[in-house]
Amino acid sequence: GQNSIVYVHGAAALLTPDDVKRAEDLFKSAKILVAVFECPKATLLEALKLARKYKVTTYVNAAPYDGGMVDSVYELTDILCVNETEAGQMVGFKVHSKETFQQAAEAFLLKGCNTVIITLGEQGACYCTRQLRTLTYVSIDKVRVEDTTGAGDAFNGAFAYHYARHASAPLSETIKKACDVASITVQSPGTQASYPELADIPARLL
């Protein structure tokens, strides 16, 4: 259930702060902003600042790893999501056990994030918040794995969908549904090609 990715910068690298400013009206009615480390730092910061201005929840998937990311990004992050590899790169030690998961999560909270989610592949995910700092684990059912590429993006998209649609749902429930959607994608080859159509997603996950 593990993956290996080669990343090539594309259109996201050309996104500018001015592009974000021109889209400011979209922030006024948004419920959640999903951001990644693929765009320039200045662009990411502009988006996070606008989201904070309009009280939009900020969800940052810290991928691909960027060792030069500024602390102000984390201070503007409501929910930080990383996988085990990214977590280890960010904290400078191998993240592979419950003890190190907890240590990494604490480090991210100290940077200013309000909530930390660490995805664990076939083991599901774990999370903690500033209020409940001890990690809670969310398990998933075993499935036949064909291709894990894109599972992280599926998790992010499903999380954002459920967060926006079911704002009062417990965080554990939102994470579980995101894990279950990601589990669907790993059973088919390809990245975008493995993402299910809305009609193919079980009603319990909508």
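**Entry 1, the domain interface.** I looked for salt bridges across the interface of domain 1 and domain 2 and found zero. This is a predicted model, so I kept that in mind as I read on. I did find four residue pairs in polar contact between the two domains. On the side of domain 1 that touches domain 2, I noted nine nonpolar residues, ten polar and one charged. Strands E1 (32-36) and E5 (125-129) are among the elements giving two or more residues to that side. The buried area came out at about 1,400 Å², with 73% from carbon and sulfur atoms.

What does the structure hold in salt bridges, and how many? I counted eleven.

- I checked Glu24 and Lys53, whose side chains meet at 3.0 Å, N to O. Glu24 sits in helix H2 and Lys53 in helix H3, 29 residues apart. Glu24 is partly exposed at 21%, while Lys53 is exposed at 54%.
- Next I looked at Lys41 and Asp66, a salt bridge at 3.2 Å. Lys41 lies in helix H3 and Asp66 in the loop between E2 and helix H4, so the pair ties together parts 25 residues apart in sequence.
- Then came Glu173 and Lys177, at 3.6 Å. Both lie in helix H8, four residues apart, about one turn of the helix. Is Lys177 buried or exposed? I found Lys177 buried, at 14%, and Glu173 partly exposed, at 34%.

Notes
Residues numbered from 1 in each chain as written. Predicted model: local features only at pLDDT ≥ 70, side-chain atom pairs only at ≥ 80, totals over all residues. Heavy atoms only, no water. Buried area = accessible area lost by both parts, 1.4 Å probe. Salt bridge = Lys/Arg side-chain N within 4 Å of Asp/Glu carboxyl O. Polar contact = N/O pair within 3.5 Å; in protein donor to acceptor, adjacent residues only side chain to side chain. Nonpolar A, V, L, I, M, F, W, Y, C, P; charged D, E, K, R; others polar. Buried < 20%, exposed > 50% of the residue type's maximum accessible area, 1.4 Å probe, protein only.
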